[in-house]
Every structure is written in structure tokens, then in C-alpha cells.
Amino acid sequence: MAKKKLAKTLSRFQEKRKKAILNEYNPLNSEKFHLSNKNKKKVHKQQTQKDIIPFTDEDSILLVGEGNFSFAKSIADLLPSITYKMVATCYDSKEDLNEKYNDANENIQAIEDLGGKVLYQIDATKLASLKQFKGKRFDKIVFNFPHVGAGIKDQDRNILTNQKLIQSFFDNAAELLTSRILYDDLNDGEILVTIKSGNPYDLWDIKKLAKSTGKLITKTSYYFNPNLYPGYHHRRTIGFEEGISKSENEEIIDKNCRTYVFINKPIEKKKKK
């Protein structure tokens with residue numbers, strides 16, 4: 001009896017060992033396989049996100065920090081039916097703008113012809129207090145490639161200055177977002193900020209800046225493809241000079257630019273006592 005019991009025990013042990021060995025060498029069960037699958041899913045997710053245009057024919061749009069207004073003009077061309085709900089703004093005066101960007105006037109004229117509104121000398125860090133936006137809310141608030149353009153050589157000071165710009169923008173823009181809960185609007189608004197990847201831009205840590213306002217959370221981010229916007233030509237804050245500045249989108253095309261989407265922080269319901 002004892003011998004039979006021992007034989008059965010050995011048999012079960014060998015069977016278990018055999019299965020363990022098979023599992024060990026089965027690629028479907030290996031950690032490497034699972035990591036590979038995760039990476040494939042990640043790549044697939046990135047691929048499906050490459051061609052995102054975040055605007056719809058239901059949106060009211062506020063654009064801040066426009067340079068030559070070619071991005072705003074491109075949206076107007078893509079969605080002419082909503083241009084009357086679009087406000088495109090820049091920090092410069094009209095005179096300074098035309099000195100810096102020789103194509104700005106043509107783009108502005110096209111936007112206005114389609115019913116869009118253009119405003120000059122709008123400080124993105126003071127939006128909530130400006131009379132032009134009193135009582136107004138937007139479904140999309142867009143700030144493409146924010147930069148103070150001050151030419152600060154010291155990297156730490158440069159980073160800090162741009163962080164202050166973006167944080168103040170977030171703090172103000174949050175007050176102008178539509179909200180189904182707060183205001184009974186049809187949509188929940190989004191703030192879209194597009195920046196280049198790599199340093200010093202990664203060091204700005206814009207997700208943390210948005211969170212620090214206590215008003216916003218990060219919803220998602222995706223690859224920004226400038227080719228989706230016909231006629232869009234990126235321009236630096238300091239302006240464009242023929243023969244010296246990079247033309248069209250050479251400045252951003254290989255910088256793996258990303259658009260970060262921020263929304264209102266969910267309101268916590270008070271627990272009943």
C-alpha cells in the first residue's frame with residue numbers, strides 16, 4: 001500500500017513538473033510575451049491617436065496666443081459652420097502683429113469674412129478678468145506652443161518664466177470653460193495646449209501646472225499632426241523673417257509635438273450625514 005501511495009504521489013509530482021516546464025517555455029505565458037503584447041497595444045493606441053482633430057461643428061472656440069492666425073484660419077476653413085462661434089486672439093497690438101508676421105492680415109481677413117472674431121492685445125494670463133469675455137464660456141480653449149519669447153539664456157529661469165505663463169493661463173482659462181454641472185451647458189469644455197517634446201518643454205511639466213490650480217485635471221494627450229490643418233504655418237513668438245526663420249512647419253515637424261487636454265476637476269458630492 002505504501003509503495004502504491006508513493007508511486008501515485010511521484011506520478012502527480014511528475015505531471016505537475018511537466019506542466020510547469022511546458023508553461024515555462026510556452027511563449028504565450030512568458031512575461032516577455034505579455035510585455036510585447038502591452039507594447040503592441042500601446043503602439044496601436046498611439047497609431048489610432050495620430051490623426052485627431054479635436055474640434056466639432058458643435059464647438060465654441062477660443063484661441064489665445066495666435067501668431068500669424070494661420071491655425072485659426074485653418075479651423076475656419078475646416079469647419080466654416082462654427083466660425084461665428086470662434087474668437088481668435090493674440091497678445092500683440094495690430095501694428096506689432098503685422099510687423100512680425102507678413103501673412104497675418106490675410107488670414108485675419110479670411111476669418112472675419114467667415115464670421116469669426118479677432119481680438120488684439122489679449123493677455124492669456126488675465127482672461128477671466130477681461131471685459132471682452134465677461135459672461136462668456138467656450139467648449140474649447142486653445143493655446144498652441146505657448147512661450148514667453150523673452151530670449152532668456154539661463155535655462156532654469158527660462159523654464160520658470162514659461163511655467164508661470166502656463167499656470168496663470170490655466171487658472172484663468174478654467175473660469176471660461178463650459179460645464180454641464182456648473183452652468184447647465186450642453187458640453188463640458190476642454191483646454192488644449194500643444195507643446196514640443198524634449199527639453200526644456202518636458203521640464204515645464206504642464207500636467208502638474210494644471211493640477212496645481214486646483215481646478216483642472218488631465219484628460220488625455222495625443223500626437224499633434226500639423227498636416228491635418230491645411231494652410232497652417234507655425235511661427236515663433238518673436239516673429240518671422242524671410243530667409244532667416246524656418247518656413248512652414250519645419251520648426252515643429254520633427255519635434256514629436258503633443259496636445260494635452262485638460263478638463264474641469266470633478267465636483268465631489270457632499271456625503272449625507
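Two strands pair when DSSP finds at least two bridges between them. Strands (E, at least two residues) and helices (H or I, at least four) are DSSP runs, numbered from the N terminus. This is a predicted model: local features need pLDDT of at least 70, side-chain atom pairs count only at pLDDT 80 or more, and totals for chains, interfaces and linings use all residues. Residues are numbered from 1 along each chain as its sequence is written, and side-chain values use heavy atoms, with hydrogens and water left out.

Now follow the strands towards β6. β4 and β5 pair in the parallel sense over 5 bridges. Here I141 stands opposite I191 in β5.

The next pairing is antiparallel: β5 and β7 share 5 bridges. L192 has V261 in β7 as its bridge partner. β6 and β7 also run antiparallel, joined by 7 bridges. There L216 stands opposite N264 in β7.

A cavity is a set of points on a 1 Å grid over the protein atoms alone where a 1.4 Å probe fits but cannot get out; lining residues have an atom within 4 Å of a point. The whole structure holds 1 cavity of 30 Å³ or more. The largest cavity has a volume of about 70 Å³, the space filled by probe spheres set on grid points joined across faces, edges and corners. Of its 13 lining residues, P54, Y222, F224, Y229 and T259 are the closest to the centre. β4 (140-144) and β5 (190-195) are the elements that give two or more residues to this lining.

Finally, the aromatic rings. Rings of Phe, Tyr and Trp (its six-membered ring) pair if their centres lie within 6.5 Å; planes under 30 degrees apart count as stacked, over 60 as edge-to-face and the rest as tilted. The count comes to 12 aromatic pairs. F71 and Y232 have ring centres 5.3 Å apart and planes at 80°, so the pair is edge-to-face. This pair links distant parts of the chain, 161 residues apart. F71 lies in helix α3 (residues 70-78), Y232 in the loop between β6 and β7.

Conventions:
1 Å grid on protein atoms, 1.4 Å probe; cavity = no way out; pocket = protein on both sides within 12 Å on 5 of 7 lines; lining within 4 Å.
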